Amino acid sequence: MTSPEELLKLAVDVAEEAAQLIVERRRGTITVADTKSTVTDVVTAVDRESEELIRARVLRARPDDSFLGEEGDDVIGTSGVRWVVDPIDGTVNYLYDLPTYAVSIAVEYGGETVAGVVVDAPKGEVFTATLGGGAFADGKPIQVSGETDLAKALVGTGFGYDPARRQVQAEVIQHLITKVRDIRRIGVGAIDLCYVACGRLDAVYERGLNPWDYGAGALIAAEAGARIGGLNGAPVSPEMSIAATPALFEPFHALLAGADPLRA
Ligand code: IPD
Ligand code: CA
Ligand code: CA
């Protein structure tokens, strides 16, 4: 297997190229090309163009690898390495020209994430990590905040596109909001995790994130010292993802579990 550092180097090169493309395209008119699960779950032509660029660059360099992107067909390779890609995380922000959206690329070997990069495209900030190698923002080491008090925790989250699930997500927020400092809904799942990694948030949780949303960000958060997991000892999965400072994880998990978030 190629080293995680070499895989990360390719991931960063390709993610930066895609980030440049989407920022440049944003100077023109962005329209909805299609809807997916609901009328508000949108895809633009630039989501597809960004994914095609990433796929072509990765598979040209590494033709035996597998590729899972949010928008396109899966590619099954033979090398044991799989690229897990969100070509624009935060498409609704992108559509509305809100200045936070990202390209997220995770690289797995044998099913385990070994390298990850999240590029905040408008800002040009690059979050990276390799398994066991620490986490970085623009090449400088990052770590989670030292927050230990749930009442002072700034908590990020997101909402799915399905109305029934949103109803429950709103009830969960109602349960949490008086027990923590405040809630942030940034609109970019990968950035939420990177913000825990560098101490701009103390905890994040979301029901319904997909591997392309959390793949890179979960590694970056874990390598920055966050504790990550799902509910009741489960690993991070589309069912639930939680990342928090080590001291906050248990109390935050208890608070969240008390709201019965998996009802829908
Ligand atoms: C979405 C964003 C958002 C999260 C949603 C995701 P997309 O990804 O990460 O923050 O709350 O669950 O689907 O659709 O913009 O790639
Ligand atoms: Ca996404
Ligand atoms: Ca996306």
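Visitor: At which residues does UniProt place the feature "binding site"?

Guide: The unreviewed UniProt entry places this feature at Glu70, Asp86, Ile88, Asp89 and Asp213, although such annotations may be inferred rather than shown by experiment. This is a predicted model, in which local features need pLDDT of at least 70 and side-chain atom pairs count only at pLDDT 80 or more, while totals for chains, interfaces and linings use all residues. Residues are numbered from 1 along each chain as its sequence is written, and side-chain values use heavy atoms, with hydrogens and water left out.

Visitor: Why is aspartate 86 called buried?

Guide: Buried means under 20% relative accessible area, with exposed over 50% and partly exposed in between (1.4 Å probe, protein chains only); aspartate 86 has 0% relative accessibility, so it counts as buried.

Visitor: Why is the pair of tyrosine 205 and phenylalanine 252 called tilted?

Guide: Rings of Phe, Tyr and Trp (its six-membered ring) pair if their centres lie within 6.5 Å, and planes under 30 degrees apart count as stacked, over 60 as edge-to-face and the rest as tilted. The centres of tyrosine 205 and phenylalanine 252 are 5.7 Å apart and their planes stand at 50°, so the pair is tilted.

Visitor: How do you know that phenylalanine 252 is buried?

Guide: Phenylalanine 252 has 1% relative accessibility, and therefore counts as buried; tyrosine 205, at 6%, also counts as buried.

How values were computed. Chains lettered and ligands numbered in written order.
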